[in-house]
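Try each task before you read its solution.

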Amino acid sequence: ADGLAAAQLTKLRRLLEHAARHVPYYREAFARAGVGPGDLGRLEDLARFPTLTRADLRRRRRDLVATDRRRRMAAIATGGSTGEPVTVLVDGRRAAVNTAARIRAREWWGIRMGEREAVLWASPIELTAQDRLRRLRDRLLNSRLYSAFEGSPEGLDAIAQELTRFGPQVLYGYSSSLYLLARHLLDRGWTEQCRGVRAIFATAEGLAAEQRDVLGRAFRAAVGGEYGARDAGLIAHECPAGGHHLLAEGMFVELLAPDGALAPPGERGEIVTTHLEAFGFPLVRYRTGDIGVAAAGPCACGRALPRLAAVEGRATDFLLAPDGRLVHALGAIYVLRVLPGIAAFRVEQPAVERIVVRAVREEGFPADGEETIREGMRRLLGADLEVAVEWVAALAPSASGKHRHVVSPVAERALRGGGAEPPP
């Protein structure tokens, strides 16, 4: 642990020096706060530096690009747990560090790079990318991609048949989509068809105990959780002993109490991240909006990486199409988050034939934006869907205090086996 802390301190100093010298936003922010790289004598001193919010990122994105970075960076859009869309730029070094951390974490489970992997994913960018480089990468990594949007019995049948032919040793994807597939296999009595799976890694959403149990029964495989965010990067990965270890060589994590102080182990705090290897587009003390709890004491696995005891505040649902299909709610999120001029949004499904999009509009929203939203939702759920777009000044959190960006009571009832409509 001492060695990890020393390495983090060295990397933090290097990152802050680079940000102060080459990133206009941080040059201004550090000056306003009266701090500089020389003030970081220990890890705790990072608390003296200003945090970066999603609003800051959206408003000052151009000023967050390092002026000395000329290499190509990829733009990644995210809806985030608060429903506020942002776009970050990711350079090759940050992407490589995230990939390396994931490869290492899987080796904790006895999974080596190159073992056959089936991925249930929902990003249209990944699902439609068919260029030669993408195909070559998947072939080299022995990985195949399947759509997590499809929740119909026929679609799940097709995925199950593909998995039987491919024979994956690893499953990776959205928690809810993996759970839906596992439940379908159990209902069909097809669990012997995917018997070669040795490990399942769930990401993008919290992994509930019921989901973990169903996955374990359907595939008779070990189940682990991964925690990260498209904007912040890969943050933590579960080990076989149940510890959610922070990937500390590439990510420094703070948990902040409401008063801005560090939350002690066992108490809830907002997860604030600093990616230690993101130099092209640094995110220093980035407020993710997620709530977590730090774990105290060593992990039973013996690894010295610090741990999270829990991650809260992230909810992704399904939507229910009028034809009975369960559609992953990220499909609706992608419709909205690629549009400019939307500060925040929430998608609600009060009835199976009706979608209400409530959004905060800002400068830059295109003239045909509302029609683009309607067309996207109908393409996702059905041509006859009623889609209402309502512009609001602000979006209030739910009664629990969490900001859910998709809310579908009809899909929740369908998932519980209660049908699309509430009982009389």
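**Exercise 1. A pair of rings**

In which helix do Tyr26 and Phe30 both lie, and how many residues apart are they?

*Solution.* A word on the ground rules comes before the steps. The model is predicted, so local features need pLDDT of at least 70 and side-chain atom pairs count only at pLDDT 80 or more, while totals for chains, interfaces and linings use all residues. Residues are numbered from 1 along each chain as its sequence is written, and side-chain values use heavy atoms, with hydrogens and water left out.

Step 1: Find the helix. Tyr26 and Phe30 both belong to helix H2, residues 24-33, and sit four residues apart, about one turn of the helix. Helices (H or I, at least four residues) and strands (E, at least two) are DSSP runs, numbered from the N terminus.

Step 2: Apply the ring rule. Rings of Phe, Tyr and Trp (its six-membered ring) pair if their centres lie within 6.5 Å; planes under 30 degrees apart are stacked, over 60 edge-to-face and the rest tilted. This rule gives five aromatic pairs. In one of them, Tyr26 and Phe30 have 5.6 Å from centre to centre and 35° between the planes, a tilted arrangement.

Step 3: Check burial. Buried means under 20% relative accessible area, exposed over 50%, and partly exposed in between (1.4 Å probe, protein chains only). Tyr26 has a relative accessible area of 2%, so Tyr26 is buried. Phe30 is buried too, because its relative accessible area is 3%.

Step 4: Widen the view. Ring pairs link Tyr25, Tyr26, Phe30 and Phe49 into a cluster.

**Exercise 2. A buried arginine**

Is Arg106 buried or exposed?

*Solution.* Step 1: Locate Arg106 in helix H4.

Step 1: Read its accessibility. Arg106 counts as buried because its relative accessibility is 11%.

Step 2: Look at its surroundings. Leaving aside residues up to four places away in sequence, Arg106 touches Ile111, Glu117, Val170, Tyr172 and Phe201.

**Exercise 3. A leucine and its partners**

Which residues does Leu57 touch, not counting those up to four places away in sequence?

Step 1: Collect the partners: Leu52, Leu64, Val86, Thr87, Val88, Phe281, Leu283 and Tyr286.

Step 2: Pick one of them. Leu57 and Val86 are 29 residues apart along the chain, with 7.2 Å between their C-alpha atoms.

**Exercise 4. The whole chain**

How many helices and strands does the chain have?

*Solution.* Step 1: Count 12 helices and 19 strands.

Note on methods: Contact means heavy atoms within 4.5 Å.
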